[in-house]
Amino acid sequence: MAELNTGDGGGGKGGKVRSKKQNSKVDLTAMVDLAFLLITFFMLTTTLSKPQSMDLTLPDKEDKKEPQSDIKVDENRTMTLLLGENGKLVRYMGMLEKPLAAPKDYSYGKEGIRKELIARMETVKQYSTAKGKPNDGMIVIIKPSKKSTYRNLVDVLDEMAIVGVNKTGSYAIVNEFTPEEQKLLDVKK
């Protein structure tokens with residue numbers, strides 16, 4: 001505990017009463033111990049900022065090649081996003097040979113591709129419900145070109161998370177381009 005030591009304030013020689021300076025001393029050892037205990041407690045109980053990361057499902061590293069003819073995708077549920085240089089973003093729906101909606105350029109963000117994704121998700125939901133499969137969602141194929149930037153890919157993946165494509169449907173990142181898709185990206189605005 002704290003201790004306060006004071007000298008005696010009585011008179012001395014000669015009968016004169018003089019007040020001496022009081023010698024006060026406070027023992028703070030317990031206070032320092034308490035401070036270190038509190039610092040240790042708060043350091044151990046405080047959660048540090050957790051890193052924010054994006055969930056991605058990647059394929060196995062095994063080299064199993066599946067023939068392309070075995071993969072059947074409902075073209076009414078499919079949207080393909082082509083990422084090009086200088087922030088170019090082209091989307092088409094269905095198969096490029098016979099698209100459900102013609103290829104169109106979009107911008108990144110709320111008024112661009114996000115608006116289109118939300119509208120398309122609603123259309124796919126109505127289509128799937130009409131077919132008797134209400135749990136079938138939209139399939140988005142993201143194709144970044146070699147000239148696109150990493151930031152553009154992250155922006156599109158952020159839009160997938162914001163809109164919730166992975167909750168109702170799925171999306172995939174594919175780095176193979178057909179010559180027709182490459183022509184769509186090479187066309188100048």
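**Figure 1. Helices α2 and α3 are oblique to each other.** Oblique covers the angles left over once those under 35 degrees (roughly parallel), over 145 (roughly antiparallel) and 65 to 115 (roughly perpendicular) are set aside. Helix α2 spans residues 113-130 and helix α3 residues 150-163. They pack at an angle of about 45 degrees, with axes 10 Å apart. Axes are lines fitted to C-alpha atoms, for helices over the stretch in contact, and angles run from 0 to 180 degrees between N-to-C directions. The crossing of α2 and α3 is right-handed, meaning that the near helix is turned clockwise from the far one by less than a right angle. From α2, the contact uses Ile 113, Arg 114, Leu 117, Ile 118 and Met 121. From α3, it uses Glu 159, Met 160, Ile 162 and Val 163. Contact means heavy atoms within 4.5 Å. By class, 7 of these residues are nonpolar, none polar and 2 charged. Ala, Val, Leu, Ile, Met, Phe, Trp, Tyr, Cys and Pro count as nonpolar, Asp, Glu, Lys and Arg as charged, and the others, Gly among them, as polar.

This is a predicted model: local features need pLDDT of at least 70, side-chain atom pairs count only at pLDDT 80 or more, and totals for chains, interfaces and linings use all residues. Residues are numbered from 1 along each chain as its sequence is written, and side-chain values use heavy atoms, leaving out hydrogens and water.

**Figure 2. Phe 41 and Phe 42 form an edge-to-face aromatic pair.** Rings of Phe, Tyr and Trp (its six-membered ring) pair if their centres lie within 6.5 Å; planes under 30 degrees apart count as stacked, over 60 as edge-to-face and the rest as tilted. The count comes to 1 aromatic pair. Phe 41 is partly exposed, at 45% relative accessibility. Phe 42 is also partly exposed, at 48%. Buried means under 20% relative accessible area, exposed over 50%, partly exposed in between (1.4 Å probe, protein chains only).

**Figure 3. Glu 75 sits in the loop between α1 (29-45) and β1 (78-83).** Helices (H or I, at least four residues) and strands (E, at least two) are DSSP runs, numbered from the N terminus. Glu 75 is partly exposed, at 23% relative accessibility. Beyond its neighbours within four places in sequence, Glu 75 contacts Gly 94, Met 95, Lys 98, Leu 100 and Arg 120. Lys 98 is 23 residues from Glu 75 along the chain, and their C-alpha atoms are 9.7 Å apart.
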